[in-house]
Amino acid sequence: MSGFERGTDGPKVIVAGVDGSASSLRAAAYAAGLARRQNALLALVYVQPVLAAGAAMGAPVSGATEEIAEGLVAEIRESAERVKEIFQVRWEFHTFRGDAYAGLVSAADELKADAVVVGASESAGHRFVGSVAVRLVKAGRWPVTVVP
């Protein structure tokens, strides 16, 4: 018997990238529905940015991003509590460090993701540089769903 095989009987782990933006929260809700229907684990991933330039100037970067992560966990717990009588979703919250793309790739690899769900970029600059979603799709390592 060979090792790990992705998605043979439907997804077992669905990774959703969350950063507090409206599109990332819609992506998390969409991923929660997928996870519920597939009886999969929903792994909500916040990638804590590493801002070397800000830190070098004495900006309190780590504390601010820790607060974002704590706020996201509180918001997710609140949402899960509101719908717990309607449906149950197994979920975990993970924090990775780095840029969003590298952090999501690390999370998907480490958690053996069968699928990745992200929100569409809300930044105009990404039309030229490429959004995290586009980079994940181009990587071609997992099915990627981009939620508007």
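**Reading a predicted fold, element by element**

Mentor: Serine 23 lies in helix H1. The coordinates belong to a predicted model.

Trainee: Is serine 23 buried or exposed?

Mentor: A residue counts as buried when its relative accessible area is under 20%. The relative accessible area of serine 23 is 4%, so this residue is buried.

Trainee: Which backbone oxygen lies 2.9 Å from a polar atom of the serine 23 side chain?

Mentor: That oxygen belongs to alanine 120. Beyond its neighbours up to four places away in sequence, serine 23 touches Gly119, Ala120, Glu122, Val147 and Pro148.

Trainee: Across which strands does helix H1 lie?

Mentor: Helix H1, residues 22-38, lies across E1, E2, E4 and E5, and runs at about 150° to E4. Helix H6, residues 132-139, lies across E4 and E5, with an angle of about 160° to E5.

Trainee: How many helices and strands are there in the protein chain?

Mentor: The protein chain has six helices and five strands. Along the sequence they follow the pattern β-α-β-α-α-β-α-β-α-α-β.

Trainee: In what order do the five strands form the open sheet?

Mentor: The general idea comes first: strands of a sheet pair through backbone hydrogen bonds, in either the parallel or the antiparallel sense. Here the order is E3-E2-E1-E4-E5, and the pairing is parallel. Strand E3 (90-97) and strand E5 (144-147) are the edge strands, each pairing on one side only. On average, neighbouring strands of this sheet are turned by 25° against each other, direction ignored.

Trainee: How many bridges join strand E1 to strand E4?

Mentor: Three bridges join residues 13-17 of E1 to residues 115-119 of E4, and the two strands run parallel. Within E4, valine 116 is the residue opposite valine 15. E1 also pairs with E2 in the parallel sense, over five bridges. Alanine 16 has leucine 44 in E2 as its bridge partner.

Trainee: Why is E2 largely enclosed by the rest of the structure?

Mentor: In a regular strand, side chains alternate between the two faces of the sheet. Eight of the eight residues of E2 are buried, so E2 is largely enclosed by the rest of the structure. Leu41, Ala43, Val45 and Val47 are buried on one side, and Leu42, Leu44, Tyr46 and Gln48 are buried on the other.

Trainee: Which residues of the largest nonpolar core touch the most other members?

Mentor: They are Val15, Val45, Val116 and Leu136, in a core of 18 residues. E1, E2, helix H4 (100-110), E4 and H6 are the elements that give two or more residues to this core. H4 supplies the largest share, four residues. A second, separate core has 17 residues, among them Ala27, Leu42, Leu72 and Ile76.

Trainee: With which residues is valine 15 in contact, leaving aside neighbours within four places in sequence?

Mentor: The contacts of valine 15 are Ala43, Val45, Leu104, Ala108, Leu111, Ala113, Ala115, Val116 and Val117.

Trainee: Which residues are buried in H4?

Mentor: An α-helix has 3.6 residues a turn, so residues three or four places apart point the same way. In H4 the buried residues are Gly103, Leu104, Val105, Ala107 and Ala108. The buried residues of this helix pack against E1, E2, E3, E4 and H6.

Trainee: Which residue caps the N-terminal end of H4?

Mentor: Aspartate 99 caps that end, with a side-chain oxygen 3.2 Å from the backbone nitrogen of tyrosine 101. Just after H4, lysine 112 takes a positive phi of about 55°.

Trainee: For the protein chain as a whole, what percentage of the 148 residues is buried?

Mentor: Buried residues account for 36%. The accessible surface comes to about 8,700 Å², and 55% of that area belongs to carbon and sulfur atoms. Among contacts with a separation of 6 or more, 78% are between residues 24 or more positions apart.

Methods
Residues are numbered from 1 along each chain as its sequence is written. This is a predicted model: local features need pLDDT of at least 70, side-chain atom pairs count only at pLDDT 80 or more; totals for chains, interfaces and linings use all residues. Side-chain values use heavy atoms; hydrogens and water are left out. Two strands pair if DSSP finds at least two bridges between them. Axes are lines fitted to C-alpha atoms, for helices over the stretch in contact, and angles run from 0 to 180 degrees between N-to-C directions. Contact means heavy atoms within 4.5 Å. Buried means under 20% relative accessible area, exposed over 50%, partly exposed in between (1.4 Å probe, protein chains only). Accessible areas come from the Shrake-Rupley method with a 1.4 Å probe; for residues, only the protein chains shown count as cover. A polar contact is a pair of N or O atoms within 3.5 Å; within protein, one must be able to donate a hydrogen and the other to accept it, and residues adjacent in sequence count only if both atoms are side-chain atoms. A nonpolar core is a set of buried Ala, Val, Leu, Ile, Met, Phe, Trp, Tyr and Cys residues joined through side-chain atoms within 4.5 Å.
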